[in-house]
Amino acid sequence: MLRLLRPLLLLLLLPPPGSPEPPGLAQLSPGAPPQAPDLLYADGLRAYAAGAWAPAVALLREALRSQAALGRVRLDCGASCAAEPGAALPAVLLGAPEPDSGPGPTQGSWERQLLRAALRRADCLTQCAARRLGPGGAARLRVGRTLRDAFRRREPYNYLQRAYYQLKKLDLAAAAAHTFFVANPMHLQMREDMAKYRRMSGVQPQSFRDLETPPHWAAYDTGLELLERQEAGLALPRLEEALQGSLAQMESCRADCQGPEEQEGAEEEEDGAGSQGGLYEAIARHWIQVLQCRQRCVGETATRPGRSFPVPDFLPSQLRRLHEAHAQVGNLSQAIENVLSVLLFYPDDEAAKRALNQYQAQLGEPRPGLGPREDIQRFTLRSLGEKRQLYYAMEHLGTSFKDPDPWTPAALIPEALREKLREDQEKRPWDHEPPKPKPLTYWKDVLLLEGVTLTQDSRQLNGSERAVLDGLLTPAECGVLLQLAKDAAGAGARSGYRGRRSPHTPHERFEGLTVLKAAQLARAGTVGSQGAKLLLEVSERVRTLTQAYFSPERPLHLSFTHLVCRSAIEGEQEQRMDLSHPVHADNCVLDPDTGECWREPPAYTYRDYSGLLYLNDDFQGGDLFFTEPNALTVTARVRPRCGRLVAFSSGGENPHGVWAVTRGRRCALALWHTWAPEHREQEWIEAKELLQESEEEEEEEEEMPSKDPSPEPPSRRHQRVQDKAGKAPRVREEL
């Protein structure tokens with residue numbers, strides 16, 4: 001009955017039709033305790049599925065508010081109960097040495113203090129939650145990991161934007177869409193929806209506001225921008241706001257760690273690992289889980305919404321900027337406080353020591369009471385105490401712990417663990433290991449052997465790991481590959497993209513051909529076998545040269561090979577302002593606003609080197625260009641021509657794009673290489689085997705006359721080719 005009444009009560013709380021919607025997510029029922037977020041969310045999704053848009057909005061909004069209210073209650077109760085007499089943790093757990101009380105029953109008394117403190121705090125938390133949340137307290141409103149993850153990914157806003165759109169509330173629909181998109185920047189459907197909202201006349205630019213991002217990020221970005229403009233006085237309050245917001249966000253995250261113990265996976269429950277041991281083991285296991293969660297809050301606070309990796313050394317870097325800004329405006333006392341706080345993290349930081357000596361010399365008279373910031377002292381002391389317990393558990397209980405901080409003192413880590421941790425840190429995955437220095441004579445010998453000349457190197461291209469090589473193809477070979485692309489397109493074969501228009505601009509047509517598709521078409525007689533064989537041969541030629549030039553000590557493998565042609569659409573080139581291919585990097589997601597490139601999906605993170613082998617130059621536009629990480633400042637430009645290869649490393653050091661093709665047809669062979677054998681292009685191997693089988697069959701037919709002179713129907717022959725290839729050609733949504 002209560003479940004049936006909940007939607008009706010929420011409907012009564014909705015504003016009447018035509019009334020203005022309250023901004024943001026203001027509470028609909030002030031003073032009322034939060035309800036169960038999981039039940040509200042489930043009811044909201046059911047209403048959404050039924051097309052009941054107004055109830056869906058009410059339920060989803062109330063689920064978001066209840067989840068936020070639960071977080072505030074946990075934070076407030078945790079802070080107040082920690083200050084209760086007798087509820088403080090023993091000093092030894094916070095990094096302070098245990099007082100030497102001599103032999104006897106008082107030795108190790110901190111264990112008894114810990115038990116008393118835990119019981120006292122449990123009683124305080126139970127009573128506080130009952131006062132704030134009603135009977136049952138937090139246990140009644142317990143939320144599982146699945147729902148917490150959904151709220152962390154901001155999934156409710158994905159449903160809210162559609163419901164608001166159906167209710168004709170475009171301003172709130174745009175805000176909900178933007179809020180979801182900030183945390184999910186690679187969500188393709190939402191990307192399209194955002195573009196549609198921007199084109200709607202009823203949606204203003206200010207509608208695209210983020211309803212969820214922690215405020216410390218806005219203050220942090222504003223402070224950095226003001227510092228870059230040499231406006232330290234204006235930057236200081238924003239930088240201080242960012243630091244205080246970061247610490248507050250960390251406290252909020254830590255409060256969420258004090259929930260009931262949850263198993264990490266189904267395997268534990270099946271194997272019985274979660275129930276092994278007795279009371280003391282269960283208490284230790286849960287306490288370790290809480291400490292691990294608290295330590296992870298450092299990374300969560302330092303991770304921007306929508307990113308997978310935190311900003312490195314987030315708190316120390318903020319303190320460095322603060323002490324420099326204070327020094328610029330003459331606040332030497334505050335500068336000393338902040339630089340001393342940096343030294344709490346890195347006592348041997350030479351730059352911080354020099355800055356401290358400089359500030360003290362400028363200040364003149366000594367200030368006895370001047371020391372590190374109290375909030376940072378509390379943070380480091382508590383963090384080190386937790387790390388000490390976690391490393392103890394690693395050494396004696398066999399648990400795991402991944403330290404989020406690079407500043408943890410080596411002396412804190414038990415000696416038995418130091419060697420293992422050092423080995424783990426030195427182990428680098430293949431995609432992070434830099435290539436060894438190349439012997440120049442080796443690649444020069446390869447170039448001479450192939451008849452290739454080095455036209456431009458990295459220095460001439462104003463970058464790193466870039467090169468332009470000429471002479472990889474003769475004009476006749478370019479003609480064969482151009483004919484192959486033309487014949488495949490004429491047969492209606494397109495692999496790599498769906499449809500005729502380019503995925504990057506509506507003003508060009510795109511045709512793509514993979515090596516396996518070329519081999520299948522050659523086997524079916526649709527295109528000439530000479531072109532398909534040359535495509536394989538040339539791709540291997542490019543791989544050999546790329547490895548010789550960039551990675552002679554480490555083998556490169558072809559990861560993907562694609563013959564691509566872009567054609568300008570006549571009548572659509574007037575006052576054209578877009579690019580044929582926007583600026584991007586090949587193995588990371590480029591963020592022009594911050595200049596960072598995030599090596600995470602949907603980028604092809606395993607790609608290490610890229611190559612573009614051009615087949616023609618009888619077109620307008622279409623030049624390749626490199627930029628700075630801001631995607632705006634062009635650093636180098638390369639004009640295509642037959643047989644010219646542009647090769648470069650695939651990371652954020654080489655952002656690149658393609659100018660618009662405004663007339664004619666531009667064709668090139670795009671290739672990507674990898675150090676990882678597991679990402680070797682399987683279609684290349686299949687294409688080679690297929691073409692070899694074709695050659696063997698042709699030789700057999702020449703030696704043995706056919707018993708049946710009638711030709712096989714083309715449709716059946718094409719089907720036989722696909723069956724022999726092992727599978728139908730795949731559609732590759734790649735460039």
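At what angle do helix α3 and helix α7 pack, and how far apart are their axes? The answer follows a note on the model and its overall figures.

## Model and conventions

This is a predicted model, in which local features need pLDDT of at least 70, side-chain atom pairs count only at pLDDT 80 or more, and totals for chains, interfaces and linings use all residues. Residues are numbered from 1 along each chain as its sequence is written, and side-chain values use heavy atoms, with hydrogens and water left out.

## Overall figures

The protein has 24 helices and 14 strands; these are DSSP runs numbered from the N terminus, with helices being H or I of at least four residues and strands being E of at least two. Of its 735 residues, 45% count as buried. Buried means under 20% relative accessible area, exposed over 50%, and partly exposed in between, with a 1.4 Å probe and protein chains only.

The accessible surface comes to about 38100 Å², and carbon and sulfur atoms hold 54% of that area. Such areas come from the Shrake-Rupley method with a 1.4 Å probe; for residues, only the protein chains shown count as cover. Among contacts (heavy atoms within 4.5 Å) with a separation of 6 or more, 74% are between residues 24 or more positions apart.

## The α3/α7 pair

Helix α3 (residues 53–82) and helix α7 (residues 155–166) pack at an angle of about 150°, and their axes are 9 Å apart. The axes are lines fitted to C-alpha atoms, for helices over the stretch in contact, and angles run from 0 to 180 degrees between N-to-C directions. The crossing is left-handed, meaning that the near helix is turned anticlockwise from the far one by less than a right angle. On the α3 side the contact is made by W53, V57, L60, R61 and L64. The α7 side includes P156, Y157, L160 and A163.

R154 lies in the loop between α6 (145–152) and α7, and K168 in the loop between α7 and α8 (170–183). Most residues other than glycine have a negative phi. R154 has a positive phi of about 65° without being a glycine, and K168 likewise has a positive phi of about 65°. R154 counts as buried because its relative accessibility is 6%, whereas K168, at 68%, counts as exposed.

L167 also lies in the loop between α7 and α8 and, at 30% relative accessibility, counts as partly exposed. Leaving aside neighbours within four places in sequence, L167 is in contact with W53, A54 and V57. L167 and V57 are 110 residues apart in sequence, with 9.5 Å between their C-alpha atoms.

## Nonpolar cores

The largest nonpolar core has 44 residues, of which L472, L481, L535, V538, L563 and L613 touch the most other members. Helix α22 (residues 529–550) gives the most to this core, with nine residues. A nonpolar core is a set of buried Ala, Val, Leu, Ile, Met, Phe, Trp, Tyr and Cys residues joined through side-chain atoms within 4.5 Å. Beyond four places in sequence, L481 touches residues including L473, G531, L534 and L615. A second, separate core of 38 residues includes Y48, L64, L160 and A163.

## The Q295 site

Q295 sits in helix α13 (residues 279–301) and counts as buried because its relative accessibility is 2%. The side chains of Q295 and E386 are joined by a polar contact of 3.0 Å. A polar contact is a pair of N or O atoms within 3.5 Å; within protein, one must be able to donate a hydrogen and the other to accept it, and residues adjacent in sequence count only if both atoms are side-chain atoms. Not counting residues up to four places away in sequence, Q295 touches S383, E386, K387, L390, F401, D403, P404 and D405.
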